[in-house]
Amino acid sequence: MIDWPEKEHYTAEDLVRIIRILRDPQDGCPWDKVQTHQSIRKNFLEETCEALEAIDANDPGMLREELGDVLMQVVFHAVLEEEQGRSTFSDICREVCEKLVFRHPNVFASSAARNAGINGWDALKNKEKGRRTLADELDTVPATLPALMRAQKLQKRAAGHGIGPAGQEQALSVLRQAEERWQETAGGQPSSDEAARAAGELLLAAADSIRLAGVDAEEALTFASKAFCRAVEGGQEAERSEQ
């Protein structure tokens with residue numbers, strides 16, 4: 001049993017220390033001490049989504065709590081890395097600080113990018129990550145991103161190399177062609193592979209057109225889904241009140 005002193009103010013280092021205590025092989029929490037990167041991987045996503053819910057709700061108390069949960073996930077993974085002798089929380093803080101300074105040569109006179117004459121966010125990221133070709137840029141878009149978000153990131157990077165629709169008019173033309181293929185496929189007796197391929201082409205074309213309109217497809221669908229739920233729930237409430 002740990003005699004933990006109550007504090008009026010806590011710091012990030014206190015959080016690191018608490019996670020270390022919970023991970024202690026002898027006296028730690030039975031659940032916390034057996035977790036791995038893989039076992040709590042989905043928790044990171046869940047906590048991040050809950051933080052997004054708090055942002056959408058514009059609820060400061062809820063956001064404070066959910067950001068704390070996200071920070072706890074960051075620290076937990078940092079302590080796991082520390083236990084394996086690969087990096088520490090301090091290493092992580094140092095690298096992100098160095099990255100921010102490097103990527104803002106317009107703000108920090110000491111930025112190495114400023115001294116090297118590199119400007120522009122994408123150019124800075126490419127230099128930092130050693131990306132030289134379009135293939136390099138596409139390979140570094142995480143495969144674990146939500147599908148619509150990943151599609152628009154891939155399309156944006158390809159567009160930077162002159163690949164894809166030149167503008168909204170061309171994008172809409174591609175979208176109409178994809179819609180026609182989908183109608184032909186869905187109207188027949190398609191195999192599951194054919195239907196999935198046609199649906200994928202339709203979604204990809206729609207995502208590109210939406211991107212060129214300056215709209216985030218992932219957020220747009222999220223908000224539309226919320227509106228759908230409200231409408232369905234409202235309809236059910238109306239039906240019950242009429243009975």
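Helices α9 and α10 pack at an angle of about 160°, with their axes 9 Å apart, where an axis is a line fitted to C-alpha atoms, for helices over the stretch in contact, and angles run from 0 to 180 degrees between N-to-C directions. The helices themselves are DSSP runs (H or I, at least four residues; strands are runs of E, at least two), numbered from the N terminus. The two helices are therefore roughly antiparallel to each other, a label given to angles over 145 degrees, while those under 35 count as roughly parallel, those from 65 to 115 as roughly perpendicular and the rest as oblique. The model is predicted, so local features need pLDDT of at least 70 and side-chain atom pairs count only at pLDDT 80 or more, whereas totals for chains, interfaces and linings use all residues. Residues are numbered from 1 along each chain as its sequence is written, and side-chain values use heavy atoms, with hydrogens and water left out.

The crossing of α9 and α10 is left-handed, a term that applies if the near helix is turned anticlockwise from the far one by less than a right angle, with clockwise giving right-handed. Among the residues of α9 that meet α10 are L172, L175 and W182, and among their counterparts in α10 are A198, L202 and A205; contact here means heavy atoms within 4.5 Å. By class, the residues of this contact divide into 13 nonpolar, three polar and four charged, where Ala, Val, Leu, Ile, Met, Phe, Trp, Tyr, Cys and Pro count as nonpolar, Asp, Glu, Lys and Arg as charged, and the others, Gly among them, as polar.

In the loop between α9 (168-186) and α10 (192-212) lies P190. Because its relative accessibility is 29%, P190 counts as partly exposed, the class between buried (under 20% relative accessible area) and exposed (over 50%), computed with a 1.4 Å probe on protein chains only. Leaving aside its neighbours within four places in sequence, P190 is in contact with T185 and A195.

A second pair of helices to look for is α2 and α3, whose axes come within 8 Å and cross at roughly 160°. That makes α2 roughly antiparallel to α3, and α2 passes α3 in a left-handed crossing. The contact is made by residues including F44, A51 and I55 of α2 and L63, V70 and H77 of α3, and by class it has eight nonpolar, four polar and five charged residues. The loop between α2 (41-57) and α3 holds N58, which is exposed, with a relative accessible area of 67%. What is there to notice about the phi of N58? Phi of N58 is near 55°, a positive value in a residue other than glycine. Most residues other than glycine have a negative phi.

D14 is found in α1, which spans residues 12-22, and at 8% relative accessibility D14 counts as buried. A polar atom of the D14 side chain lies 2.9 Å from the backbone nitrogen of T11. Leaving aside its neighbours within four places in sequence, D14 is in contact with W4, K7 and H9.

R20 is also found in helix α1, but at 39% relative accessibility R20 counts as partly exposed. With neighbours within four places in sequence left aside, R20 is in contact with V79 and E82. R20 and E194 are 174 residues apart in sequence, and their C-alpha atoms are 51 Å apart in space.

In helix α3 (residues 60-83) is the place of L80, which counts as buried because its relative accessibility is 3%. L80 and I19 are 61 residues apart in sequence and 9.6 Å apart in space, C-alpha to C-alpha. Leaving aside neighbours within four places in sequence, L80 is in contact with R23, Q35, T36, H37 and I40.

Key
A polar contact is a pair of N or O atoms within 3.5 Å; within protein, one must be able to donate a hydrogen and the other to accept it, and residues adjacent in sequence count only if both atoms are side-chain atoms.
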